[in-house]
Amino acid sequence: MTDPLVRVDGLEKYYYENDTLLDRLTGAEPEAVRAVDGVSFEVREGETLGVVGESGCGKSTLAETLMRLREPTGGSVTFDGDPVYDLSGDDLDAFRRRAQVMFQDPFSSLDPRMTAGEIITEPLAIHDVGTVAERRERAETLLEEVGLSADQIDRYPHEFSGGQRQRIGFARALAIDPEFIVLDEPVSALDVSVQAQVLNLLADMQAERDLTYLFIAHDLSVVRHISDRVAVMYLGEVVEIGPTEEIFESPQHPYTKALLESVPRADTDERDRVVETIRGDVPSPRNPPSGCSFRTRCPELIQPPGLDVPQATFREISDFRTRIENGDIDVDLRWEQVGDANREDRAAFVDSLREEAFDEPLPDADEETVREAIRALADGDRETAAATLRERYRSPCEAVEPALPAGDHPDACLLNEQPDDVEAAREEWEAEHDASGVGTPSQ
Amino acid sequence: MTDLLRVRDLSTRFFTEEGQINAVEGVSFTVEAGSVLGVVGESGSGKSVTGLSLIDLVESPGEITSGEIWYNNADLAERVESDRPEAVDGDFVDLRRLSEAERRSLRGSAFSMIFQDPMSSFNPSITVGEQIAEAAEVQRRASANPRSTRSRTQGYGLGRMLLDGVLPDRSYTSEESWDRAVELLERVGIPDPAERAEEYPHQFSGGMLQRAMIAQALAGDPDLLVADEPTTALDVTIQAQILDLLADLQETMEMSVVLITHNLGVIARVADRVSVMYAGEVVERGTLDDVFDDPVHPYTKGLLGSVPDIDRPGERLEPIAGNVPDLVDANMPDRCYFADRCPKAMTDCLTRPPEYEVSGNHRARCVLAEREYSEADAVSDARLSGPTDGGAGAASDGSSAPDGEVSDD
């Protein structure tokens, strides 16, 4: 039970933009989209490892890369001791027989011109298992096993409903008698009543055939229902992984906490439940934030040594800084709104932006720093404005990249236990930060 | 609480090549002023068409074939009374009996709608600000000239197109509407609204675009917002933001909201009252507590039992067997539509059940509201295998194929 069947180590999959021949000739720098950015975990034999995360966090790319449907940019995957990316010939065939995948979309994952029987027997035909008659018999058995009837074998996909199509997709994955199945959002396209049928089927088959699942989904209640362990992904990285009970009962990473809190419960007490929604959107994987990738939305952002303002205030200041750094604030437009064409009344400009950006009261020293930054902005000097704020409000979260420590339930957050090298980096950064005198109000 | 909308016996049908589809079948419900009505059901249950029917956006081959939609608006009632006395009852006006022009003038100013997929609901080649300003401009022109409904569509013709070629700067929207658009964007929580208004839809994230669509819907200051799966395409953290926003807007603007969704959690989070739809009918309706804590209809119970609970994971889910029927008129049996999937089907269910009153405003279209289930009256699967069953394999486990597409011998 505890032997890892699949071990993923530092897996990376980058997609490159601006990487055509023409771009190379003109010398354009290819831009990396870091879909999967250094992911490590194990899947133990006989268990279900759930992978959750929001769209664009790299769950599906992870599945495809892990199955070697895409070549990785870096890292390795071992399946039952064999390095998956070094396999070739018969060994690769053997891997493909032992590991299967079931896809999300019941409408596009089945060939509309093949009958259910042809779809299910295709893996058998590819791997040259049995005679035609035997394959058909196997397909009939499988159809019965997944809750369809054997006389539906000659029907085409369009004659089935969504739930039934997912059953066919599952039968296809089972056909070759695999040990390991990657389930990529198998129920997210289905209605709840049908979803429950398919979830029960997946659980039954696992018990019956000792299957190991990697279950990818964005629906947390479904993941909790089916998984033994859960990995939470954010922006191409695993931020927390552990036994299902622990992840859901005592989440450690602020992202996991926020994710769990965001799920609306189908319960009459739901209206009174206070939900601290996290702000903003997932950043682009083209240009992920430095340090901790969740820091741009994190409700528990760590303040630099020496600074102690309320968390909400610090969050607002950090957001304001991000807006300046990203150039989201259009200075010309702002002057127009102030109604001062000659740009003389700097105080009015400062007041207007200060009021708009902050709901929380600012302590005096911070009020001064913020206004100083806005004054620089009013003069059109974005660099200075950003630098003024950066100097005082730079968080360790943006300088030090957290990592997953060893253990049963690790998480990648500086607030919690971190590997020695991360702790060392943080201490070094904080010492440096203190020495430079930052943290005292700048004048 | 006063009622804003009383819907009586509304039916919408689609006349397709495969036959007549009864998408909405004799639906009745009430929307109270300043409250949220949640409409929940699976795909194909008719909830979206109900929403479209409310604001008269059903397109051919669809048609509202019968029913009344009474809208509480004293001003409108007074204005209409002289021309169409039959359409007025006190302060209420039956929208179905108004003229096309009058109905059109209510769209945007009285009723507004937001859709599931913000990416495909915006025009990708026009800035977000311009599209919102356009909605504001339509309302502005209409209020400047209430008699004329023509002014609303002026400027969209061949002449305009040719003129645009010569003078591309000539804009339909006024500066006033643009300012209103920026104001609306700020209201729905978009940072740097003046800057973002100049951006195109592809520069917005999904959550931001959904906010922009809400801003557009608010342009006419509507009494009722119909939100059709507004968070389904969004991630949970963004969904939580949008639900907060909707609740906040509903409260501050004293709007009513009809929230259409398949997600029971979303309903529980924002709805005051709930209508559960199945096969085009409202099978159960009542307050949130009535429907969630004290469900009568086996379909409501099944729906609630199918959702894995994130806080209390159970060992096994209890799904509803079978599939949603396809609503083709010829295939719909003359009995309770849910009977073939119902674990408590009885001989009583072989006739179409009326809507029974459970208590107060809690109604259910199920005989169990009146009597207890008894084994003695249980009806066999064979008697239920009317035209809705695909034929082979019985309908016990989702194994019956969708109807009308399969003929088995």
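Start by selecting residues 256-261 of chain B: this is strand E9, and six of its six residues are buried, so the strand is largely enclosed by the rest of the structure. (Buried here means that 20 or more other C-beta atoms, placed from the backbone, lie within 10 Å of the residue's own; strands are DSSP E runs of at least two residues and helices are H or I runs of at least four, numbered from the N terminus.) You're looking at a predicted model, in which local features need pLDDT of at least 70, side-chain atom pairs count only at pLDDT 80 or more, and totals for chains, interfaces and linings use all residues. Residues are numbered from 1 along each chain as its sequence is written, while chains are lettered from A and ligands numbered from 1 in the order in which they are written.

Now show the side chains of E9(B). B:Ser256, B:Val258 and B:Ile260 point one way, B:Val257, B:Leu259 and B:Thr261 the other, and all are buried.

E3(B) runs parallel to E9(B), joined by five bridges, and B:Val39 has B:Ile260 as its bridge partner. Then pick strand E8 (residues 224-228) of chain B, also parallel to E9(B) and joined to it by five bridges; here B:Val226 stands opposite B:Val258. (Strands pair if DSSP finds at least two bridges between them.)

Colour chain B by pLDDT, the predictor's confidence in each residue from 0 to 100. The chain averages 85, and 88% of its residues score at least 70. Go to residues 387-409 of chain B, where pLDDT stays under 50. Where pLDDT is low, the predicted coordinates should not be read in detail.

Bring chain A back for the interface. Here 51 residues of chain B are in contact with 48 of chain A (contact: C-beta atoms, placed from the backbone, within 7 Å). H10(B) gives the most to chain B's side, with seven residues. That side divides into 24 nonpolar, 14 polar and 13 charged residues. For the model, ipTM is 0.83 and pTM 0.86.

Last stop, chain A: select domain 1 (4-250) and domain 2 (311-394), with bounds from an automatic or database domain assignment. Their C-alpha centres lie 48 Å apart. An unreviewed UniProt entry lists residues 6-260 of chain A as "domain: ABC transporter". Over that stretch the chain is 39% helix and 26% strand, and the end C-alpha atoms are 27 Å apart.

Note on methods:
Contact = placed C-beta atoms within 7 Å. Nonpolar A, V, L, I, M, F, W, Y, C, P; charged D, E, K, R; others polar. UniProt positions renumbered as here; feature names shortened; annotations may be inferred. Buried ≥ 20, exposed ≤ 12 C-beta atoms within 10 Å, placed from the backbone.
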